[in-house]
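Please have the sequence and the structure open before you while I speak.

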Amino acid sequence: MDSIFHEKQEGSLCAQHCLNNLLQGEYFTPVDLSSIAHQLDEEERMRMAEGGMASEEYRTFLQQPSGNMDDSGFFSIQWFNLNSLLTGPELISDTYLALFLAQLQQEGYSIFVIRGNLPECEAEQILAFMRVQQQQRPRLIGEEEAQTSAG
């Protein structure tokens, strides 16, 4: 198993270890992630200011701590299940991710790791500025019709 990169836990740098293990190499340091988080904070401030610096939303935003990082080593990462059999993307919580992947593996699905530079996409740009909260879990395609005809 020497060919599999595994960064062991050090301090409270879970996000760094998760990303480096996922990407299979030493891609991020705490300084890198802190710099990215500060850049995201600045971008969020600029976007919020577009709605007016005197607005109540902007003033409230400025009073809140960073949603991208804190002094404990927490960094914000969002995971999505992009199963093409779902009606849309499904947000997966950090705590559920390991269970979700283990379940998929147990059911015989393959899990792939992608290395290299990925093309930029609009969703990634949007997620860089805001944290998503899913209101309703997507259903399997055809699930609603099956429930309607059964009822």
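This is a predicted model: local features need pLDDT of at least 70, side-chain atom pairs count only at pLDDT 80 or more; totals for chains, interfaces and linings use all residues.

Phe100 counts as buried, at 12% relative accessibility; buried here means under 20% relative accessible area, exposed means over 50%, and partly exposed covers what lies in between, using a 1.4 Å probe and protein chains only. Tyr96, by contrast, is partly exposed, with a relative accessible area of 34%. These residues form the 1 aromatic pair that the structure holds. The pair is tilted, with 5.7 Å from centre to centre and 45° between the planes. Under the rule applied, rings of Phe, Tyr and Trp (for Trp, its six-membered ring) pair if their centres lie within 6.5 Å; planes under 30 degrees apart count as stacked, over 60 as edge-to-face, and the rest as tilted. Tyr96 and Phe100 both belong to helix 4, residues 94-106, and sit 4 residues apart, about one turn of the helix. An α-helix has 3.6 residues a turn, so residues three or four places apart point the same way.

Residues are numbered from 1 along each chain as its sequence is written, and side-chain values use heavy atoms, with hydrogens and water left out.

Let me turn to the overall picture. The protein chain contains 6 helices and 2 strands, arranged along the sequence as α-α-α-β-β-α-α-α. Helices (H or I, at least four residues) and strands (E, at least two) are DSSP runs, numbered from the N terminus. Of the 151 residues in the protein chain, 20% are buried. The accessible surface of the protein chain is about 11,700 Å², and carbon and sulfur atoms account for 55% of that; areas come from the Shrake-Rupley method with a 1.4 Å probe, and for residues only the protein chains shown count as cover. Taking contacts between residues at least 6 apart in sequence, 48% join residues at least 24 apart, where contact means heavy atoms within 4.5 Å.

Next, helix 1 and the segment before it. The buried residues of helix 1, residues 14-23, are Ala15, Gln16, His17, Leu19 and Asn20, and they pack against helix 2, residues 30-49. Gln24 follows helix 1 and has a positive phi, near 60°.

Which side chain makes a polar contact with the side chain of His17? The partner is Glu7, at 2.7 Å. A polar contact is a pair of N or O atoms within 3.5 Å; within protein, one must be able to donate a hydrogen and the other to accept it, and residues adjacent in sequence count only if both atoms are side-chain atoms. Glu7 is placed in the segment before helix 1 and is buried, with a relative accessible area of 14%. His17 is also buried, at 5%. Setting aside neighbours within four places in sequence, Glu7 is in contact with Gln16, His17, Asn20, Asn21 and Glu26. On that basis, His17 is in contact with Glu7, Lys8, Gln9 and Glu10.

Finally, the charged pairs. Side chains of opposite charge can pair when their charged atoms come close. A salt bridge is a side-chain nitrogen of Lys or Arg within 4 Å of a carboxyl oxygen of Asp or Glu, and by this rule the count is 4.

One of them joins Glu90 and Arg137, at 3.1 Å from N to O. The pair links distant parts of the chain, 47 residues apart: Glu90 is in strand 2, residues 90-92, and Arg137 is in the loop between helix 5 (122-127) and helix 6 (143-150). Glu90 is buried, with a relative accessible area of 12%, whereas Arg137 is partly exposed at 49%.

Another salt bridge joins Glu42 and Arg45, whose closest N and O atoms are 3.3 Å apart. Being 3 residues apart in helix 2, Glu42 and Arg45 are separated by about one helical turn. Glu42 is partly exposed at 39%, and Arg45 is partly exposed at 32%.

Glu50 forms a salt bridge with Arg47, the closest N and O atoms lying 3.2 Å apart. Here Glu50 is exposed, at 59% relative accessibility, while Arg47 is partly exposed, at 40%.
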